[in-house]
Amino acid sequence: MKPLARYAALSNYVELGRSVGLDPVRLVRESGLDPASLTLQDRWVPAAVIADLLERSAAAAHCEDFGLRLAERRRFANLGPLSLVIREEPDVRSALRVMSRHAHMYNEALHTRLTERNGLATIRLGLDLGQPCETRQSIELAVGVLHGLLRGFLGSGWQPVETRFTHAAPTDRSAHHRVLGPNITFAQDFNGIIIYTTDLDARNAMSDPLLRTYAKQFLDSADITRTATTVDRVRELIELLLPTGRCSVEQIARSLGVDRRTIHRHLAAEGETFTALLDSTRAELAQHLVANRRHSLTEIAEMLAFSSPSNFSRWFTKRHGCSPRAWRTQGRPTGPR
């Protein structure tokens, strides 16, 4: 299966896109993503799709530092549940090790490795998207977020020994120096940040020893819950692809980097079928969409990939025991499901 990443990877994308003259909603749709889901930070999508969206956005805006500008808008909380644990670690070294060990909780494609030698600590970042893909913007986003995290621990005046990128230098380095400081090199052998090992020993002023045990228990629980099953992955992709009209087992298999037989085999091993999963996921979405009144019933029929509003109405009535119009009026089912 191809690695996934949380929608949180696109936090502030719309705002940044508009600030550089883009139509971010159109670009998101063209990538096969649902713009409305950008607010659902914990939903998972293929990491390669996010990487491609960032590259196309940078090209469309003629903005070589698009990923870095996105990192500049990030907050500690964008790491999701992991941020709750990192902030309770006693020092920077421990925080980095926790982040490295549990990076898959927010981005399955991102790999972090910390090594120490001769008074220097090297934090290397790598991306494995499961397919050949340009990653300049994604790498600069990841490095920028890491730099911001370290500065949060070590103070606004802190600077690393060096920040390295494997790609070539941009024409204009002003944003890089503003965000990352003066010591940046390009065309290097790895992407990451070099700091002094004494920085790793710095105490975390945010840490509360009494909360640390509870934070770790929460992380362990969240990590176990997030062990992605095929059912989890397919359900999330169904939710993503239904509004695009491209929700087929073939399309989902391509998104996960496997063939359709592999999808069917893994679902069967988990006691599920694609048809049943599609129907149950569509039913849950239908309930939500009909109840919140934001869209007309015709629009909902299109979003759920029905050929006509009448087909949607018949399916909904059979599934929920009342028509979508009655459900919307009453706010609850009136018959057996």
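This is a predicted model: local features need pLDDT of at least 70, side-chain atom pairs count only at pLDDT 80 or more; totals for chains, interfaces and linings use all residues.
## Strand pairing and the sheet

Two strands count as paired here if DSSP finds at least two bridges between them.

Zooming out, the pair belongs to an open sheet of 5 strands, ordered 3-4-7-5-6, with mixed pairing. At the edges you'll find strand 3 (110–117) and strand 6 (184–185); each has a single partner strand, so one side of each has no neighbour in the sheet.

## Helices on the sheet

Helix 6 (residues 92–101) lies across strand 3 and strand 4 (120–127), and its direction is at about 145° to strand 3. Helix 7 packs on the sheet too, touching strand 3, strand 4, strand 5 and strand 7 (191–196). Relative to strand 4, helix 7 points at about 145°.

## Where helix 3 meets helix 7

Helix 7 (residues 136–154) also packs against helix 3 (residues 47–61), with the axes 7 Å apart and an angle of about 105° between them. That angle makes the two helices roughly perpendicular, because anything from 65 to 115 degrees falls in that class.

Who's touching whom? On the helix 3 side it's Ala 51, Leu 54, Glu 55 and Ala 58, and they meet Arg 136, Gln 137, Ser 138 and Leu 141 of helix 7.

How values were computed
Residues are numbered from 1 along each chain as its sequence is written. Side-chain values use heavy atoms; hydrogens and water are left out. Axes are lines fitted to C-alpha atoms, for helices over the stretch in contact, and angles run from 0 to 180 degrees between N-to-C directions. Helices (H or I, at least four residues) and strands (E, at least two) are DSSP runs, numbered from the N terminus. Angles under 35 degrees count as roughly parallel, over 145 as roughly antiparallel, 65 to 115 as roughly perpendicular and the rest as oblique. Contact means heavy atoms within 4.5 Å.
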